[in-house]
Amino acid sequence: MAKTIQVWFDFASTYSYPAIMRVTQLAAANDILLHWRPFMLGVIFKQQGWNDSPFNLYPPKGRYMWRDMERLCAAQGISFHKPTQFPRSGLLAGRIACLNPDAPWITAFVQAVYRANFVHDQDIADTNVIGEILHQLNVDSQGVITRAASEESKQKFRDQTGQAVELGIFGSPTFMIGDEMFWGGDRLAEAIDFAMGRYP
């Protein structure tokens, strides 16, 4: 049976950016299948009584996070540019990823959206930005975006967010191996080890 990890994420999440880039490398090196599971982190924040990112609600935490992101990305050898708007809506990209979990281009799409937000400072809520990403991946951008705007797609994304709530997910990224949860990029190595059966 193939080893799999469910990757639960929100495109607006800062710490998810380096984690997503790293998990694809580690998964490939260990023959692990990744199942991409986008969800709406804002729904969970609202349940906690927050109407904004905690990094905006608590400025000292936000200042630390931005400097920490610089360090993490430098250590990982990936580019990073603090976006001029935070958080940006990942709703469109999330619906697309939710609707196309098995598409051959899905991993490249997920990574490209994160780079658009956290490297190129582009508005990932803009259909033109997402359309160009899809075009660069040789995907029918108009068709994909149109399907993502359907009521069926919207409901599927709401349902997947509901699944995240039921699983007890409270942050992005979260890695699930069966019923075992690992929250945050700093637990990625442990998640890989667990998926490989290296400890109980």
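A search of the whole structure finds 6 salt bridges, a salt bridge being a side-chain nitrogen of Lys or Arg within 4 Å of a carboxyl oxygen of Asp or Glu. The structure is a predicted model, in which local features need pLDDT of at least 70 and side-chain atom pairs count only at pLDDT 80 or more, while totals for chains, interfaces and linings use all residues. Residues are numbered from 1 along each chain as its sequence is written, and side-chain values use heavy atoms, with hydrogens and water left out.

Side chains of opposite charge can pair when their charged atoms come close.

| aspartate 68 | arginine 71 | 3.0 Å |

Glutamate 70 and arginine 67 both lie in helix α4, 3 residues apart, or about one turn of the helix. Helices (H or I, at least four residues) and strands (E, at least two) are DSSP runs, numbered from the N terminus. Accessibility is classed as buried (under 20% relative accessible area), exposed (over 50%) or partly exposed (in between), with a 1.4 Å probe and protein chains only. Glutamate 70 is partly exposed at 39%, and arginine 67 is also partly exposed, at 45%.

Aspartate 68 and arginine 71 are likewise 3 residues apart in helix α4, separated by about one helical turn. Here aspartate 68 is buried, with a relative accessibility of 13%, whereas arginine 71 is partly exposed at 36%.

Arginine 88 is buried, at 6% relative accessibility.

The largest pocket has a volume of about 1100 Å³. On a 1 Å grid over the protein atoms alone, a pocket is an open set of points with protein on both sides within 12 Å along at least five of seven lines, and lining residues have an atom within 4 Å of a point. Grid points are joined across faces, edges and corners, and a volume is the space filled by probe spheres set on the points. The pocket is lined by 48 residues, of which Ser13, Leu41, Phe45, Phe55 and Ser172 lie nearest its centre. Helix α4 contributes the largest share of the lining, 6 residues.

Technical notes:
On a 1 Å grid over the protein atoms alone, a cavity is a set of points where a 1.4 Å probe fits but cannot get out, and a pocket is an open set with protein on both sides within 12 Å along at least five of seven lines; lining residues have an atom within 4 Å of a point.
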